[in-house]
Amino acid sequence: MFQATKDIFREEGLWGFWRGNVPALLMVMPYSAIQFTVLHKLKTFAAGSSKAENHINLSAYLSYVSGALAGCAATVGSYPFDLLRTILASQGEPKVYPTMRSAFVDIVSTRGFRGLYAGLSPTLVEIIPYAGLQFGTYDTFKRWTMDWNRIRSSNTSSTGADNNLSSFQLFVCGLAAGTCAKLVCHPLDVVKKRFQIEGLQRHPKYGARVEHRAYRNMSDALSRIVQAEGWAGLYKGIVPSTVKAAPAGAVTFVAYEYASDWLESILT
């Protein structure tokens, strides 16, 4: 990761670290909106109430299933932006696509609109366990933290704050949930990105080019990666990926908790 950081800064400057940021933002906004909307609807249906305090009492099984279904819906709704983000970030120098628009036009003209969903199948296979683990473990860690707060409060005269977690506690729960999900599901993320950048022209110093239709399907990609690169090939980029995903997920959970509480307070 240190070597990659030096190379990017030397060859592309400081702005190289934000390559693909615009499609990433365009992806994360609808992704988060769809994901949390579907999650809230599913939890409301399962709990029979729209109150957040009732959602936390759902079983771990329902938390995992709700998270997985919400992740699938969000992925389908925002996937083309994820594809464009990965391509723009992976192309290196010299650039194949100077802008997001040029990448979009070339993909549609060469592969059709189906090309905007290249790698969707392994992404959905990845997002089911990833989103399920992330939301399921987040709810589990929240319940554990609430229990710990009750034990602490039983030794004092304070009451009524047992179920109120601090922003720091919410952040830690989100950080732990994001780390667990990423460590378990990273090999599927590697396969997804191989499908996304297949056929992309780039300089050899950025790594071997993934030829177009190099893999027949997801299982073929997994077996070929293991044969050519060993089991470690499935965990390439695990450190920067976890360093990015875990705190990003934690911040997202904290922001969502506070935003939803604020909206609920002004709407009720």
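Helices here are DSSP runs of H or I with at least four residues, numbered from the N terminus. With that in hand, the protein chain of this predicted model reads α-α-α-α-α-α-α-α-α along the sequence. That comes to 9 helices and 0 strands. Here is a short tour of how the chain packs.

**Overall packing**
- Of the 268 residues in the protein chain, 41% are buried.
- Take the contacts between residues at least 6 apart in sequence: 73% of them join residues at least 24 apart.

**The largest nonpolar core**
- This core has 22 residues, and those touching the most other members are Leu39, Ile127, Tyr130, Phe135, Tyr138 and Leu170.
- At least two core residues come from each of α2 (21-47), α4 (60-90), α6 (120-153), α7 (167-196) and α9 (238-267).
- The top contributor is α6, which gives 6 residues to this core.
- Domain 1 (16-117) and domain 2 (119-236) both give residues to the core, so it lies between them.
- As general background, nonpolar side chains in soluble globular proteins tend to be buried together.

**A closer look at Leu39**
- Setting aside neighbours within four places in sequence, Leu39 is in contact with Ser66, Gly67, Ala70 and Phe135.
- Leu39 and Phe135 are both among the core residues that touch the most other members.

**A second core**
- There is also a separate core of 12 residues, including Leu84, Ile87, Ile107 and Leu116.

Key: Residues are numbered from 1 along each chain as its sequence is written. This is a predicted model: local features need pLDDT of at least 70, side-chain atom pairs count only at pLDDT 80 or more; totals for chains, interfaces and linings use all residues. Side-chain values use heavy atoms; hydrogens and water are left out. Buried means under 20% relative accessible area, exposed over 50%, partly exposed in between (1.4 Å probe, protein chains only). Contact means heavy atoms within 4.5 Å. A nonpolar core is a set of buried Ala, Val, Leu, Ile, Met, Phe, Trp, Tyr and Cys residues joined through side-chain atoms within 4.5 Å. Domain bounds come from an automatic or database domain assignment.
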